[in-house]
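Thanks for coming. Have a look at the model on the screen, and then I'll walk you through some parts of it.

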Amino acid sequence: MFSFILKRLATLIPTLIGITLVAFGLIRLIPGDPIEVMMGERRLDPEVHAAMVKSMGLDQPLATQYFRYLGNLLHGDLGQSLVSREPVAKEFAALFPATVELALTALLLAVALGLLLGMLAGLKRGSLFDQGVMGMATVGYSMPVFWWGLILIMFFSVNLGWTPVSGRISIEYDVARVSGFLLLDSWLSGEEGAFSSALAHLLLPAVVLGTSSLAVVARMTRSSMLEVLREDYVRTARAKGLSPVRVVVVHALRNALIPVLTVVGMQTGSLLAGAVLTETIFSWPGIGKWLIDSIARRDYPVVQAGILISALTFIAVNLCVDILYGVVNPRIRAQ
Amino acid sequence: MALLKIKNLRVEFGSFPAVDGIDLTLEAGELLGIVGESGSGKSVAMLAVMGLIEAPGKVSADLLEFQGMDLLRLTPKQRRQLVGRDIAMVFQDAQTSLNPSYTVGYQIEESLRAHLGLRGAAARQRMLELLDLVEIPDAASRASAYPHQLSGGMNQRVMIAMAIACSPKLLIADEPTTALDVTIQAQIMDLLLRLQREQGMGLVMITHDLAVVAEMAQRVAVMYAGQVVETGAVPGLFDAPRHPYTEALLAAIPEHSRGARRLRALPGIVPGAQDRPSGCLLAPRCAYAQAQCLSSRPAVSDGVRCFFPLAPGSAHD
Amino acid sequence: MSTATEAMPDYPRPFKAFWQGFAANRGALAALLLFALIATAALLAPWLSPYDPIEQFRDHMLTAPAWAAGGSRQFLLGTDELGRDMLSRLLHGGRVSLGIGLASVLLSLLPGVMLGLLAAFHQQWLSPAIMRVMDILLALPGLLLAICVITILGPGLVNTVIAIAIGALPGYTRLTRAAALAEIGKDYVTASRIAGAGSLRLMFITVLPNCMAPLIVNASLSFSTAILETAGLGFLGLGVQAPLPEWGTMLSAARDYIERAPWVITLPGLTILASVLAINLMGDGLRDALDPKLKKIS
C-alpha cells in the first residue's frame, strides 16, 4: 500500500513542475513587455522601467528567474499584489476558507443526495421515480451554473424573501475569525442568530454550486448500480437466501460505489471552476471572485497565484481520491 | 416422498420458451445428471427451481415441489429461508460468482450467520471446518484471502463450501468444472461426489460432458431446446439410447469416431427464438424424421419424447 | 436425410443498425429534433431576425415579451436594458455559441486523436512525454484553464475557441490512446502488421475506425461543455466581446434587472439550457446505440 502511494507521488512530480512552469510563464507569455503588462501602462519612464527590471530580476536568465520563483514558492512567497501591495499569500489565506467552505458544502450535498437518488433510481429501474430522477439529473448538468444561481436568487431571495442575496453573513454580525469557516466560527462565537445567518447565506450558493455535481453523481451511481446488479456475485448472494436489503447494501452497493469515487474526484474540479462563477453571482468573498476581479484589474501576480493554487488543490484532491480508490478496491489494496 | 418433483415447468422470456414444459424427479440422496448443449435450458430450469428467475422471465409449472413444499406458492421470506439452506446452488464461474470486495471466509460465514445464526468464534470455527471439508489447504490463511487472490479451482471449492455450509438436502451444480483446467476438473468432481455421499444430499449435476455423467450419475435427463427428450438410468441410457438426439450426442464423442475421417456431428443448429419448429423440435436435424414428426409435437412416453424411439440394437453406426 | 437449411438472418448494414438503436430512444430522437431546430434557427439567423441584434431602440428599453403585460408585438421576446431586440440577439447568439462549439470540437478532436494515436503507437518515449503534458493541462479544471489561456491571449471570439479547445484536448488524447492501446493488443492488428501494413496505415485505417464510438460520444459531450464554457466566459466578460451578441454576455448585465425585467435573465438561460440539454440527450442516445455491451441480441 505504501509503495502504491509512493508510486503515485512519483508520477505527480513532472506534473507539479509543469504547473509551476505554467504559472511562472503566465506573465511572460502575455504578448508585450512584462513590466508594461503588469503596470498596465505603455512607455514608462526608462529609469523607472530599468529599476523595475532590476528589482524583479527580469534581467537575469530565464532559468535563474524560474528557480528564484520556485524558491519563493517553497517559502510561501507568492508575490505581491499590484493593486493592494499586500503579499498575495496573506490575501489568499484570508479568502481561501470561504471558497473551501462553499465547495465542501456543495460537495457534501452533491454526494449525499446523489448517491441516495442514484441508488434508488437504479433499484427501481424504469419506474416513474427513476425516469423523473434521471430527467432532472440531465437537466441539472445541462444548466449554466450562473444562470441557475440567478434564477434561484430571483425565486427564493427576491420573490419569496427566504434567503439572502449575497455575502456570507448579515453585516450586523461581527464574528471573530477562528478557523475561517464561518459556520464553525459563528457557532463558536455564541452570538444569537449568527449561526443561522451564516447558514442561511451558505445555503443557496451551495445548492447552486452543487447541482451539477449532484446530477453527475446520481447518474453515475445509477448506471454503476445497474451494472453491478447484473453481476454473477449478486446472483450468488440471492442464491444464498440473503435478505434483499443485505444483497443491495452489502454486496451490490459496495462494488457500485467504486467507480463513483473516481467521478467524485473529477467533480471537485468542476466545483472549483463553478465556484468562480458562483462566487461572482453571490458576491461570496472567496478566491474565485478574487481571481476574476484580479484579471479585470490586471493584477497578474494574483492571477498567477490563483491559477497555481487551483491546480495544486485539484491535484491534491485527485491524489487523495486515487489513494482512497486503492484502499477501497480490494484488487489493489491486497497487493 | 421425492426430494424434488417437477411437472411441466415452463420459463418464458416474452414469447420465447427457454424451458418448454419439462418433468423431472429426484429422490433423496440421488445423483441426477442433466445434459444438453448451450441453450438447451438446463441452467434456466434449475434457476427457476431456486427462484432466481427475474422479470421479464416468467415461471410456471403444474407442479414444483421440494420435499412436498409447493415452491411456487412460497412467500419471498419463506423462499429466502429455504434457498441457501436446504437447497443450494454452485455456479459455473467461481471467479465472477464470488464478491471481489469481501474475503472468502466472510462470504462463507455470511451463510452461516443468515441461516444458522452462528456468530463470532463459532461461525469462524465452522467456516474453517468447511474449508477443510472441501480440501482447501491451510484454511486459516486462505480464509482471509480475496477471490482474485485464489485460483479458479480454489474459488470453486469455496463456492462448494458456501453451498454446503448449512447441510442442504439438495445441491444443484451448474457446470461446476467447465471453467476449470482438466486436471482440476477431476478433483472437483471427486469432491462433489464424496460430499454427496457423506452428507446424503440429492445432487443435480448440470453439464455438457457426457463422460462425467456416465461415471457419476445414477440417472440422467437429456435436454434439447428447452425440453427433456429422454430420461433414464445411467448405464442403460448410454448403452442403448432411445432418442435420436441422445444417439447423436453419443456418436459425436471423439472416441466413437476413432479411425474415421470426420467426427460425426448433427447437421444444423439448435432452434433460436425465431425459428422454433411447430413439430418435433429436433425434426429439422433428425436423421429418422418422418412426416408426423414435422407436423406435431411428441409427448413423453416411457421416458422418451419421440414418436419413433429407437429400439435397442437398431442404432446406426 | 434432411439437411437443415435456414434463411440467412438479415443483418442490417452498420448505419442502419446504429440508427435503429438510436431511434428507439425517444428522448434522443426528440433531442435530435430540438437540436436540428436550434441549429437551423441559428444558421438562418440573419434572415430570421426581425432586427439587427446590436441596434438599440432607445424608446423601447426593457419592454416585456409579447405575451406579458406591457409587451408588444413589435418585440416578440422583449428588449434588453439597451433596447436591443431579444429575439434577434438570441438568434445571432446561437450562431456564435454553436459556431464556437463546433470550431472548438474540431480544433481539439483532430489534434487530440493524432496525439493519442502517436502515444499509443510509440509507447517508449513519445507516450510518456505526451501524457505528462496532458496531465498538466488536466491539472486545471475546465473553466479555469480557459480563463488562464484567455489571460494570456486576451478576450475575444477566436481566443475563446482556442481556450476551450485546449481544455478539451487532453480528453481526446487520453481517450484515443486508451482505445487504441486496447485495439493494438488484438489479433487483427497483429495480422495487419504481419501482412506488412506500415505505421500510418495501421494507425488510421486499421485501428482508428474501431475507436470511433467513444470518440463520437465524447465529441457530443465536449460540444455541450463548449457551449457552457463559452457562456461562462461571456458572463465573466472574458469571452466573446461586445457588440457580438452571446448568450452568456447577455446574462452578465442581467443581474441588476432580476426584479424589473426577469425575461432578460430567463430567456438567454433557457436557450443555453435547451441547446446543451438537446446535445446531452443526443449524446446519451449515441452512447446507448454505439455501446456494444448494451446491444440487444435478438
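From the N terminus on, the elements of chain A run α-α-α-α-α-α-α-α-α-α-α-α-α-α. That is 14 helices and zero strands. Helices here are DSSP runs of H or I with at least four residues, strands are runs of E with at least two, and both are numbered from the N terminus.

This is a predicted model, so to read it: local features need pLDDT of at least 70, side-chain atom pairs count only at pLDDT 80 or more, and totals for chains, interfaces and linings use all residues. Residues are numbered from 1 along each chain as its sequence is written, while chains are lettered from A and ligands numbered from 1 in the order in which they are written.

Back to chain A. Its C-alpha atoms fill a box of roughly 85 × 55 × 40 Å along the principal axes. Of its 335 residues, 41% count as buried. Buried means 20 or more other C-beta atoms within 10 Å of the residue's own; exposed means 12 or fewer; partly exposed lies in between; the C-beta atoms are placed from the backbone.

Next, chain C. Here 35 residues of chain A are in contact with 33 residues of chain C. Contact means C-beta atoms, placed from the backbone, within 7 Å. On the chain A side, the elements giving two or more residues include α1 (2-29), α11 (244-282) and α13 (300-328). By class, that side has 27 nonpolar, eight polar and no charged residues. Nonpolar covers Ala, Val, Leu, Ile, Met, Phe, Trp, Tyr, Cys and Pro; charged covers Asp, Glu, Lys and Arg; the others, Gly among them, are polar.

Last, chain B. Strand β1(B), residues 4-13, runs antiparallel to β2(B), residues 16-26, with eight bridges. Strands pair if DSSP finds at least two bridges between them. R10(B) has D20(B) as its bridge partner in β2(B). Two residues sit between the strands of this hairpin, and G14(B) takes a positive phi near 70 degrees. β1(B) also pairs with β4(B), residues 57-60, antiparallel over four bridges. There, F13(B) stands opposite G57(B). With β5(B), residues 63-66, β1(B) has four antiparallel bridges. I6(B) partners L64(B) in β5(B).

Conventions
Contact = placed C-beta atoms within 7 Å.
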